[in-house]
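Please open the structure in your viewer and keep the selection tool at hand.

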Amino acid sequence: MFAVLVVIILVGAIHAILSSRGGLGGSDAVVEQPALFEGTSEGSIVESERANIESKSGISVHNDIPQDTTFGKGDHGAQALVGHPAFIEVLNHGHVEKSRANIQMMSHTTSGLSIMTVVPDDSTQDATFGISFRTPLSDNRGLATITENAVKAGSKTYPVRDPIDRLLAGSLQTHLETWSEVDRTSFTLASRNLKDFKNSMAVMLDGIFHPLLGEARHEWIYRREGWRLETKDDQTTLYISGNAYNRARAAQMFPDVALDDFVYSRLFKGHTYRYNPKGLWNEILSGAREHMIKFYNSYYQPSNGRVFCYGAPKYINACLDVVDEVVTRMLNDQAKKTEENGGVSVLEELGVSLPEDSKVGFKMLNTISSVEERVAYPSFEETFDFRLSISWVLNDKPMDQRTEVAWYLIYEMLIGSFGGDHVSYLNTDLQQWVMTMGVNGLASEAAAGEARTNITNMLDELSQNGFDREVMAVGLNKVEFMLRDMNSPDGSPQGVEMFKKVMCKWNYDLDPTLALTHLEEFKSLRAQLEDPDNVEGMEFILELMTIGLSDNTAQAIATLYPSAEMQSTAERNEIAWLKESDWDKITRTGIMRQTAELHRVQQEGDSALDIATIPRLSPEDLPKEASEIPTKVTEGVFGSDLTMIENTVPDSNNIAYVDFTIDISNMDFKDVILLPLMCYLLVCAGTERQSDVEIQQQIDLHTGGLTIEPLVEAVYEFQEDHGYKVASGKHMITKLLVRTSCFAEKGCAELFHLIKTVIYDSVIDEREKATNILDWIWYDTAQDIKRNGGMYTTQSMLSRYTLPEFIREQWFGVTQVLKGFELAEEVKDDSKWDQFATRLLIAHDAIKRTHHSGLVLSITGDEKAIKDITDAAKIFVEDMLPPAAQRTPFPDFAKVEHPWVVDGNLVMHQEVDLVDQEPIVFWNPSLVHDFGMGGSLYQPGEHISGAHMAAIQYVSNFFLKEKFRFSFNLGASQVWAQLDLDSGVVIYQSEETPIISSTIEIFCNDAGWLQKQLEGQDNLPVEAQAAIIASVGDIDGSSLQPDEIGRVALLQYLKQDTKEGRQKWREEALHATKEDFLFVANRLANWGGVSFSAVTNDRLMEHDEKLMAAAAHAM
């Protein structure tokens, strides 16, 4: 009997998210775009060379500088160390203070390929390479994404299937990402090792400029990356598969995708922005291999490309070397083909002239008509969560920096004026910016109509009367943080983030540094707005709003309604297409022949000779030790019982990042489930003296945001030789974690006062607030399960094995959806509210009733930021914190059992039954599965070695990816294995896989595969040795950003991790042996407590349910 957990997507307040499709903006003023650097010699570029470069690249050659680009501190000699004889300067070099870097613009002399080199002041950052091509779309066949993936499917120098993935499996890369937008396709990678950086670039560029996709014997590439016909087990029934097709099927199930497609298809008719780079399923099926080859030949040309090289001078020069070598080979190949073709080049044969034919023009606002429609999105039910959105195209000309800054500010001020129940999007990636305002979680279509009226009335009022000064001050602070914060929003390396920013200008032949140098323009506009005698700034803001919003007819209004039929309709459409397709016999036979060739290639695999072409690192190429965070720990700081951690980074732009933890072990375990609610209440409920709105305004005005979250972590346990042991589950730390930041030059006293206020003074027994927050928590989590199903299935499996993971899942997993709904119903029940409120007050009192030994303050920033914030930190510790209510210090929970262990284990064992091993299933309106399998390899107290992690890395990179991507090509977008250091649990996870039964079959063959690879081998196979390198790369990781450094250093301290333990783990991985891998193979063959978890829909699950149960009981 299955224990089936059903998640029903319901309503609640919605958080704002940033769409990835494109950008907004807009002023009718046309300002000539300035170029890069001033004060440089015009004679450095010969006029004939200038004309030659402009004709090849399409980029105007300038020598003047934007007004806010200044020379400042930095290594002015660094750029002198950068250069290559095959490149000449297009825009002369200089140090851009706002970018903290020396920047140089060059062009490849023979091809016209444009190059931007960046030497950052902070030499610890990861070296980054990026390349982008303008790839405007003319249909929804998904050619941009298909071609992007096809160039990674094999190249002439590296003729294996997916050489980039093969390289990554044994690489130190810290980042690898490729993506397609409506008008460009980009590839980027990062590494902290010079040899690895060069290897990675060589493999990536060879695929880009020397792919196999056009060769007749590699027709299978399109059938894998695009679409194909397959037969089911009966060998007669057809079905459709292919990576692009499967991705499109998955994407159509998301409400934001439905809205995005509606907005851009209606507002940009006749323009490339109307199309979806991933394609629509029905139009993908009209595509053919010839379309992909034409798309590639038309746009993947050096004269249409832009290359970004970021890092220390040695990395820049390596980047230039590799680019020149690969591009020169391509030019030579093209010259030979042109000669063989009677002097006609590929582009001439296609009738394509680059770069002119890849340029994207503007859709003029006066050609866009207002449109209003009802738009369906998939849901389990049709009675809740109607949504209203209004979108505007803001510009049809390039905007100057003042206008862009003004729109950033307008966006933030609108958020502050409309309140938390509204959603908003500002899409700035494309040259035409789009802003969306809306409301989610509406109970009916009539409510959507009322929401539209409210939004338009509010916009009219604000356009006429302006914003409150408090709202304006908050907006100014938020925009300044956006411009000064050096952290990447997604945690990617700084070079990757810079590449993405500059492409928003560079793609349109504008100076790329314009994306990096808004700060001076912001300061000027802020000075005007803050001057009570100066009306110029606000008049400019209101004029923009009137033209761009109130009077703008280039708008799309959507009422999104939930449809329970979309899922089944999509399935019926596929069946109907197969039945109604009028292929002739030759066409169908050709498709099936190419599918059969794909199967042959998958089954035969790559030859040892081809695999040997992939460049590898050896242990000698790695540093002896991993880099450590420079951390200063002071226990009893300022004469208190509190511990302070200081983390000094090279550059944080004088922003200080603050993490503050409070021990919560005094709470009763039965109230632990309340902690997510309590964390939101502490921030949102207000105090007896200040309302929730006033508190939020103070947070937005004086900080970069303030969040509170519960934290539970197992304390590390070690052997005498510093090796890690699997934790017993009895020793853990439990904290509330406050995360915030401030401009250190302002002293940050307000930040610390806010920390004290929200923790100690908040009135949390606010019934209305509790109701709204609980509705939002379970609604938001349920929505997130749709997007990140793999994260939730992994979390649910880990929760079955250790108490800390069980608690974490209660807070952040699907349990919060189910119990959050139950708690919401309890709060709404008049007969139960008083008892519930008492629980909240008792839990809050337990948090406040603490000893200062349970407090840890972590501060991260550059030297000046640390110095500037120290006085405020001292006042906080000495004067702001209430006296300790608990007389005795907290014990060391590494030596003493945590108070939650007894009750926690009792509840855990009641809710988790590893004996029956019943799968956990989360229902979701999807056409694909997120599926995982997990099991325990160790007993508590056993040694868990870094060598074992390397073996799991081998299984992940060379078994799972081989089977999913290469051999059976199940179409999963991601598949991986991980070994959890705390629990000794191994997790296998696949995302967006069409067939669970095949997935289980592969997962269950892991031990046999690993044993087979080791049979008859004296040493580890070459690919196992590569996995060792990759595992060390995972240990060493990327250069952390300032906000990440603070959190990592804090966790290392709380978990009592040690430098010796981390080094031991690394050395074990680096020196892994065949015996270590055999140990893991034997454990995998006999692992315990196997569990399954899936995010799927009921129809897809019907066949696979029985197989999951049978597989679980057979292990």
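## A residue and its contacts

Begin by selecting R387: leaving aside its neighbours within four places in sequence, R387 is in contact with P255, Y377, V439, N440, A558, T559, L560, Y779 and Q783. The model on display is a predicted one. R387 is found in strand 11. Is R387 buried or exposed? Its relative accessibility is 10%, and because the limit for a buried residue is under 20%, R387 counts as buried. R387 and A451 are 64 residues apart in sequence, and their C-alpha atoms are 9.1 Å apart in space.

Five strands form an open sheet with mixed pairing, in the order 10-14-11-13-12. Which strands lie at the edges? They are strand 10 (371-378) and strand 12 (422-427), each of which pairs on one side only. On average, neighbouring strands of this sheet are turned by 20 degrees against each other, direction ignored.

Select strand 10 together with strand 14 (residues 555-563). The two pair in the parallel sense over eight bridges. For one example, select V371, whose bridge partner in strand 14 is A556. Then select helix 13 (residues 445-465), which packs on the sheet. Helix 13 touches strand 10, strand 11 (386-393), strand 12, strand 13 (434-442) and strand 14, and its direction makes about 35 degrees with that of strand 11.

A cis peptide bond joins L354 and P355, with omega at about 10 degrees.

## An antiparallel pair of strands

Strands of a sheet pair through backbone hydrogen bonds, either parallel or antiparallel. For the antiparallel sense, select strand 24 (residues 929-936) and strand 27, which pair in this way over six bridges. Here G934 has S1091 in strand 27 as its bridge partner. Strand 27 (residues 1088-1096) is largely enclosed by the rest of the structure, because eight of its nine residues are buried.

## Two crossing helices

Two packed helices are described by the angle between their axes and the distance between the axes. Select helix 24 (residues 767-787) and helix 25 (residues 789-798): their axes come within 5 Å and cross at roughly 105 degrees. Helix 24 is therefore roughly perpendicular to helix 25. Which residues make the contact? On helix 24 they are T781, D784, I785 and R787, and on helix 25 they are G789, M791 and Y792. By class, the contact has three nonpolar, two polar and two charged residues.

Continue to helix 26 (residues 803-812), where Q810 is found. Q810 is buried, with a relative accessible area of 8%. Apart from residues up to four places away in sequence, Q810 touches I673, T815, Q816, K819 and E911.

## Aromatic pairs

The structure holds 34 aromatic pairs. Select F669 and W900: their ring centres are 6.0 Å apart and their planes are at 70 degrees, so the pair is edge-to-face. This pair links distant parts of the chain, 231 residues apart. F669 is in the loop between strand 17 (655-663) and helix 21 (675-684), whereas W900 is in the loop between helix 29 (863-880) and helix 30 (901-911). Both residues, F669 and W900, are buried.

Next, select Y724 and W1065, which form an edge-to-face aromatic pair, 5.7 Å centre to centre with 80 degrees between the planes. Y724 lies in strand 20 (residues 724-725) and W1065 in helix 36 (residues 1059-1070), so the pair ties together parts that are 341 residues apart in sequence. Y724 and W1065 are buried as well. To see a cluster linked by ring pairs, select F133, F187, F209, Y296 and Y300.

## Two loops, then the whole chain

In the loop between helix 35 (1042-1054) and helix 36, select Q1056. Its phi is near 60 degrees, a positive value in a residue other than glycine. At 34% relative accessibility, Q1056 counts as partly exposed. D509, in the loop between helix 15 (494-506) and helix 16 (519-530), also has a positive phi, near 65 degrees.

How many helices and strands does the chain contain? Its secondary structure comes to 38 helices and 27 strands. Of its 1115 residues, 61% count as buried. Among contacts between residues at least 6 apart in sequence, 83% join residues at least 24 apart.

Definitions and conventions: Residues are numbered from 1 along each chain as its sequence is written. This is a predicted model: local features need pLDDT of at least 70, side-chain atom pairs count only at pLDDT 80 or more; totals for chains, interfaces and linings use all residues. Side-chain values use heavy atoms; hydrogens and water are left out. Buried means under 20% relative accessible area, exposed over 50%, partly exposed in between (1.4 Å probe, protein chains only). Helices (H or I, at least four residues) and strands (E, at least two) are DSSP runs, numbered from the N terminus. Two strands pair if DSSP finds at least two bridges between them. Axes are lines fitted to C-alpha atoms, for helices over the stretch in contact, and angles run from 0 to 180 degrees between N-to-C directions. Contact means heavy atoms within 4.5 Å. Angles under 35 degrees count as roughly parallel, over 145 as roughly antiparallel, 65 to 115 as roughly perpendicular and the rest as oblique. Ala, Val, Leu, Ile, Met, Phe, Trp, Tyr, Cys and Pro count as nonpolar, Asp, Glu, Lys and Arg as charged, and the others, Gly among them, as polar. Rings of Phe, Tyr and Trp (its six-membered ring) pair if their centres lie within 6.5 Å; planes under 30 degrees apart count as stacked, over 60 as edge-to-face and the rest as tilted.
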